[in-house]
Amino acid sequence: MAEEVGGGGCKGKDKVMIAIDESECSHYALEWVLDNLKESITTTSPIFIFTAEPIADLSYIYAASLGSARMSLSLSLSLSLSLSTTPELIRSVQEHQKTVSSALLTKAKDICASRGVIAETITEVGDPKEAICDAVVKYNINLLVLGNHGKGAIQRAFLGSVSNYCVHNAKCPVLVVKKPH
């Protein structure tokens, strides 16, 4: 589900993609690129701003609907009425994710425009680390830029690190921008 990416007009030019999320670290990475890579980013070649919409964890939505079904039963409402709201709840969660992603990309694109930089946006649904690496190949990206969340060794071991995954798996050079403390 790519948005606003044409691919025309960029042949033979370096394509820089900045992967962002709602964190301060990714916002800092965008600002860093705009401040420090001006020579690499021209007004005729856009930078690509990428965000991933994570696949909704539907297990808690289903569990929540069962809880509401029990509550509905205790209120003498039918079980089928409560369970029929589950698809509605799922759509609501997915729409919320789309709204957040859209607002995030709009803000990033506005920041670029205020600096005279053309930006195109890409949104993909999926696990962020895999979606980023897939987008690098799909859009023939020459440089991937990521913010570093500064997770400790234990958090990285249990949760994994998007930047670490991308450094090892992206099919282009990866620049990880660490926000100073």
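**Cysteines, strands and cores in a predicted fold**

The sulfur of Cys 172 lies 8.3 Å from the closest cysteine sulfur, that of Cys 133, which is too far for a bond. The cut-off for a disulfide is a pair of cysteine sulfur atoms within 2.5 Å. The structure is a predicted model, in which local features need pLDDT of at least 70 and side-chain atom pairs count only at pLDDT 80 or more, while totals for chains, interfaces and linings use all residues. Residues are numbered from 1 along each chain as its sequence is written, and side-chain values use heavy atoms, with hydrogens and water left out.

By the disulfide rule, the count comes to zero. Cys 166 is likewise in no disulfide, the nearest cysteine sulfur being that of Cys 133 at 3.9 Å. In general terms, a disulfide is a covalent bond between the sulfur atoms of two cysteines. Cys 166 is buried, with a relative accessible area of 0%, and Cys 172 is buried with a value of 11%. Here, buried means under 20% relative accessible area, exposed means over 50%, and partly exposed covers the range in between (1.4 Å probe, protein chains only).

The chain as a whole gives the setting for these residues. It contains seven helices and five strands, where helices (H or I, at least four residues) and strands (E, at least two) are DSSP runs numbered from the N terminus. Along the sequence, their order is β-α-β-α-α-α-β-α-β-α-α-β. Of the 181 residues in the chain, 36% are buried. A contact requires heavy atoms within 4.5 Å. Among contacts with a separation of 6 or more, 82% are made by residues 24 or more positions apart.

Cys 166 lies in helix α7. Not counting residues up to four places away in sequence, Cys 166 touches Lys 129, Ile 132, Cys 133, Leu 144, Leu 146 and Val 174.

Helix α5 spans residues 128-138, and its buried residues are Ala 131, Ile 132, Cys 133, Ala 135 and Val 136. These buried residues pack against β1 (16-19), β2 (47-53), β3 (119-125), β4 (143-148) and α7 (162-169). Although Asn 140 is not a glycine, its phi is positive, about 55 degrees. With 53% relative accessibility, Asn 140 counts as exposed.

Strand β2 is mostly covered, with seven of its seven residues buried. Ile 47, Ile 49, Thr 51 and Glu 53 point one way from β2, whereas Phe 48, Phe 50 and Ala 52 point the other way. Two strands are taken to pair if DSSP finds at least two bridges between them. β1 and β2 run parallel and are joined by three bridges, while β2 and β3 pair in the parallel sense over seven bridges. Phe 48 in β2 takes part on both sides: Met 17 stands opposite it, and Glu 120 is its bridge partner in β3.

A nonpolar core is a set of buried Ala, Val, Leu, Ile, Met, Phe, Trp, Tyr and Cys residues joined through side-chain atoms within 4.5 Å. The largest such core has 20 residues, of which Leu 30, Ile 47 and Cys 112 touch the most other members. β1, α1 (24-36), β2 and α4 (85-114) each supply at least two residues of this core, and the largest share, five residues, comes from α4. Apart from this core lies another, of 18 residues, among them Ala 19, Phe 50, Ile 132 and Tyr 139.

Aromatic side chains complete the account. Rings of Phe, Tyr and Trp (its six-membered ring) pair if their centres lie within 6.5 Å, with planes under 30 degrees apart called stacked, over 60 edge-to-face and the rest tilted. A search of the whole structure finds zero aromatic pairs. The charged end of Lys 129, however, sits over the ring of Tyr 165, 5.6 Å from its centre. That arrangement requires NZ of Lys or CZ of Arg within 6 Å of the ring centre and within 35 degrees of the ring normal.
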